[in-house]
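Visitor: I've never looked at this one before. Could you walk me through it, one question at a time?

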Amino acid sequence: MTPALFSFTLIVLIPMLIGFFYAFTDWNGIVGSDMEFVGFQNFVDIFTRDDSFLHALGFTALFSVCAVVLVNLVGFFLAMLVTQKFRGATLLRGVFFMPNLIGGLLLGFTWQFIFVSIFEAVSKATGLKIFSGWLADPQTGFIGLLILTVWQLSGYMMIVYIAQIQQIPESVKEAASIDGASGWQMLKSIILPLMMPAFTIGLFLSISNSFKMFDQNLALTQGGPYKSTEMLALNIYNSAFGANEFGFAQAKAIVFMIIVAAIGVTQLVITKRREVEM
Amino acid sequence: MEEKKQHSKRGRKVAYAVVGIVLGCIFLFPIYILVLNSFKNTKGIFTDVIGFPNAATFTMENYPNAFEALEYVRSFMNSLIITVIATALILLISAMAAWVLVRYKTKTSKVIFLLFAASMLIPFQCVMLPLVGFASRIGIMNPTGLVFMYMGFGTSMAIVMFHGFIKNIPAELEEAATIDGCGSFRLFFLIVVPLMKTILVTVAVLNVMWIWNDYLLPSLIINKPGWQTLPLKTYLFFGQFAKRWDLASSGLIMCIIPIIIFYLFCQKYIVKGITDGAIK
C-alpha cells in the first residue's frame with residue numbers, strides 16, 4: 001500500500017499542486033531563477049495576448065469531432081464485419097487491430113512518408129492535383145492527421161464493440177428475425193440499443209485520445225505549416241520548451257485539463273442515460 | 001425456396017470476405033509500402049516509390065546502416081529494461097495496494113481509491129512541467145527516476161483494474177489461511193497472487209504497450225546519449241536523416257518488428273486487456 005501511495009503522491013499529486021501554484025507565476029523553467037507572482041495574468045493572456053492556444057483549441061475541437069465520428073463508425077462497421085462467420089474473419093481482426101500497437105511516433109513518421117512521397121508519386125503518375133503537396137497546407141495536414149487517427153484507433157474500437165456484440169444473445173436476434181425484422185430494422189431496433197454501453201466507452205476513449213493527441217501530431221506535421229495544425233498538447237509543449245514560458249504553459253495545461261474533464265464527464269453522463277438494461 | 005436461401009447465404013459470405021480482404025489490404029498498405037522501400041536505394045525511392053525494387057535499385061544495405069545509426073542494440077536494451085522493470089514494479093505495488101484497499105474497508109480507503117480513480121482524468125501535460133522542475137531539483141533525471149515516475153503514473157489504472165478483480169474473489173480462503181497462522185505478506189504472495197494471475201497478465205500487457213511506445217516522458221527525463229530508448233532514438237534519427245527515406249523506412253520496420261512479435265505472443269491477453277480495461 002505505502003509504496004503505491006508514495007510514488008503516486010510524489011509523481012502525480014504533488015506536481016499537480018505545485019502546478020496550480022506555477023500557473024500564477026511567470027516562471028521561465030530554469031531551476032533557481034526568480035519567479036514572480038502574477039495572479040491571473042497568465043489566464044488572461046491565454047485569451048488575449050497569445051491567440052495560438054485558442055487556435056489550437058479550435059483545431060483540436062474540430063479534429064476531435066471528425067475523428068470521434070469516423071473512428072467509431074469505422075470501428076463499429078469493422079466489428080460487425082468480423083463477427084460474421086466467414087473464413088479469415090479472425091485473421092482480419094488481427095490486421096485491423098495491429099496499427100494500434102505501433103507507437104504514435106512511428107505511425108506519424110510512416111504516414112509522413114505515405115503523404116509526402118507516395119501521394120506525390122501518385123499525383124505525378126495520374127496528373128491529379130489533389131494528391132500533390134500534402135501536409136504543406138492546413139487542409140491536407142488536417143485530413144492527414146484524421147486518416148492516421150482513423151487508421152490507428154478504429155481497430156481498438158472494433159475490439160471494444162466486438163466484446164459487446166458477442167454479449168447480445170442469439171435468441172433475441174432469432175426472435176426478431178422470426179417476427180420478420182429486416183436487416184436494417186434489426187440493426188436499428190435490436191443491435192444499436194443493446195450496444196449503448198459499448199458506445200459510452202468507445203466515445204469516451206476516442207474523445208480523450210484525440211483531445212490529448214501529441215506524438216502523432218509531433219511526428220506527422222510538427223504543428224506546421226506555421227502552427228496551423230498545432231493541437232493543444234503540442235501547443236502547451238511548445239510554449240514551455242520552445243518559448244520558455246513555463247508559468248504560462250502551466251496555466252494553459254490547467255485550462256486544458258478543465259476542458260478535457262468537462263467534456264469527458266458530460267459525455268459519460270449523456271450516454272450512460274441512454275443505456276438499456278438487459 | 002430453401003435452395004435459394006442457401007445460395008444467398010453463401011453469396012453473402014463471399015461478399016463479406018471480399019469487403020474484408022479489400023479493407024485488410026488498405027490497413028496493411030502503409031506497412032507494405034515501408035517494407036518495399038526499405039529494400040531500395042535512394043535513387044530507387046526517388047524514381048519509383050510504388051513499384052518493386054529492380055536490379056538497379058535493389059539494396060540490402062539499408063538495414064545494417066539504419067541498425068548502426070539507431071544504435072539498435074543499445075536503444076532496444078534501454079527500452080526493454082525500462083519497460084520490464086517499470087511494469088514489474090507497477091504490478092507489485094498496485095496489486096498490494098488494491099488488495100489492502102479492498103480487504104480493509106474504511107473511510108480512508110474509499111477516499112484513497114477515489115483519488116486514484118479520479119486522477120486517471122488528469123492529462124499528462126498538467127503534471128509535466130512541475131514534474132520536470134522537481135525532478136531536476138532533486139536530481140532524478142535518470143533511468144531510475146524515469147522508472148519511479150512510471151510507477152507513479154501507472155498505479156492509478158492498475159489499482160482500479162485490480163480493485164475490480166479482487167472484489168470478486170471470496171474472502172473465505174484468506175480468512176481460513178489467517179486462522180491457520182498465515183501472516184499478511186505470505187497470505188498475499190501465496191494465496192492472493194496465484195488467484196490474480198489472469199488480471200496480472202492483462203495489466204502487464206497494457207503497461208508494456210504504453211511504456212514501450214512512450215516518447216514524451218523519456219524525452220524530458222533521459223534524453224542523453226547512452227540512455228535513449230527506441231522512440232527517442234527514432235525521433236533523433238528523423239532529425240538527422242530528414243528525406244533519407246531509404247534509412248528511415250528500414251529503421252521504422254526494425255522498430256515495428258518487436259511490437260508485432262510481442263503481439264503475436266500475447267494476442268489473447270491484449271484483446272482481453274482492452275475489453276476488461278474498457279469495461280472499468
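What follows is a set of questions and answers about this predicted model.

Visitor: Let's start with chain A. How many helices and strands does chain A have?
Guide: Read along the sequence, the pattern of chain A is α-α-α-α-α-α-α-α-α-α-α-α. Its C-alpha trace spans about 75 × 60 × 35 Å along the principal axes. As for the count, chain A has 12 helices and 0 strands.

Visitor: What share of the residues in chain A is buried?
Guide: For some background, take the contacts in chain A between residues at least 6 apart in sequence: 73% of them join residues at least 24 apart. Chain A has 278 residues, and the buried share of them is 44%.

Visitor: Let's zoom in on A:Val255. Is A:Val255 buried or exposed?
Guide: A:Val255 sits in helix H12 of chain A. A:Phe43 is 212 residues away from A:Val255 in sequence, yet their C-alpha atoms are 8.3 Å apart in space. Being buried takes 20 or more other C-beta atoms within 10 Å. A:Val255 has 20 such neighbours, so A:Val255 counts as buried.

Visitor: How do helices H9 and H12 of chain A run relative to one another, roughly parallel or roughly antiparallel?
Guide: The axes of H9 (residues 196–211) and H12 (residues 246–273) in chain A come within 9 Å and cross at roughly 170 degrees. Angles over 145 degrees count as roughly antiparallel. So H9(A) and H12(A) are roughly antiparallel.

Visitor: And how many nonpolar residues does the contact of H9(A) with H12(A) have?
Guide: On the H9(A) side, the residues making the contact include A:Phe199, A:Leu203 and A:Phe211. From H12(A) come, among them, A:Val260, A:Ile263 and A:Leu268. By class there are 5 polar residues and 1 charged residue, and the nonpolar ones number 9.

Visitor: What about chain B: is B:Glu71 buried or partly exposed?
Guide: B:Glu71 also has a positive phi without being a glycine, at about 45 degrees. Its place is in the loop between helix H3 (62–69) and H4 of chain B. Because 17 other C-beta atoms lie within 10 Å, B:Glu71 is partly exposed.

Visitor: And is B:Ile179 buried or exposed?
Guide: B:Ile179 lies in helix H8 (residues 172–179) of chain B. Its C-alpha atom is 35 Å from that of B:Tyr269, which is 90 residues away along the chain. Since 12 or fewer neighbours means exposed, the 8 C-beta neighbours of B:Ile179 inside 10 Å make B:Ile179 exposed.

Visitor: How many of the residues of H12(B) are buried?
Guide: H12(B) is mostly covered. Its buried residues include B:Leu230, B:Tyr235 and B:Phe238, and B:Lys233 is one of them too. The count of buried residues in H12(B) is 8 of 11.

Visitor: How far apart are the C-alpha centres of domain 1 and domain 2 of chain B?
Guide: The domain assignment of chain B gives domain 1 as 2–61 and domain 2 as 70–240. The distance between their C-alpha centres is 39 Å.

Visitor: How many residues are in the largest nonpolar core?
Guide: Among the residues that touch the most other members of this core are A:Tyr161 and B:Tyr150. Both domain 1 and domain 2 of chain B give residues to this core, so it lies between them. Beyond its neighbours within four places in sequence, A:Tyr161 has contacts that include A:Phe76 and A:Met195. The number of residues in the largest nonpolar core is 145.

Visitor: Last one. Which helix gives the most to the side of chain B that touches chain A?
Guide: In this contact, 63 residues of chain B meet 63 residues of chain A. Elements giving two or more residues to the chain B side include H1 (2–38), H4 (72–103) and H13 (245–279). By class, that side divides into 47 nonpolar, 14 polar and 2 charged residues. The helix that gives the most, with 13 residues, is H13(B).

Conventions
Residues numbered from 1 in each chain as written. Chains lettered and ligands numbered in written order. Predicted model: local features only at pLDDT ≥ 70, side-chain atom pairs only at ≥ 80, totals over all residues. Contact = placed C-beta atoms within 7 Å. Helix = DSSP H or I, 4+ residues; strand = E, 2+ residues; numbered from the N terminus. Nonpolar A, V, L, I, M, F, W, Y, C, P; charged D, E, K, R; others polar. Domains from an automatic or database assignment. Core = buried A, V, L, I, M, F, W, Y, C linked by C-beta atoms within 7 Å. Axes fitted to C-alpha atoms, helices over the stretch in contact; angles between N-to-C directions. Parallel < 35°, antiparallel > 145°, perpendicular 65-115°, else oblique.
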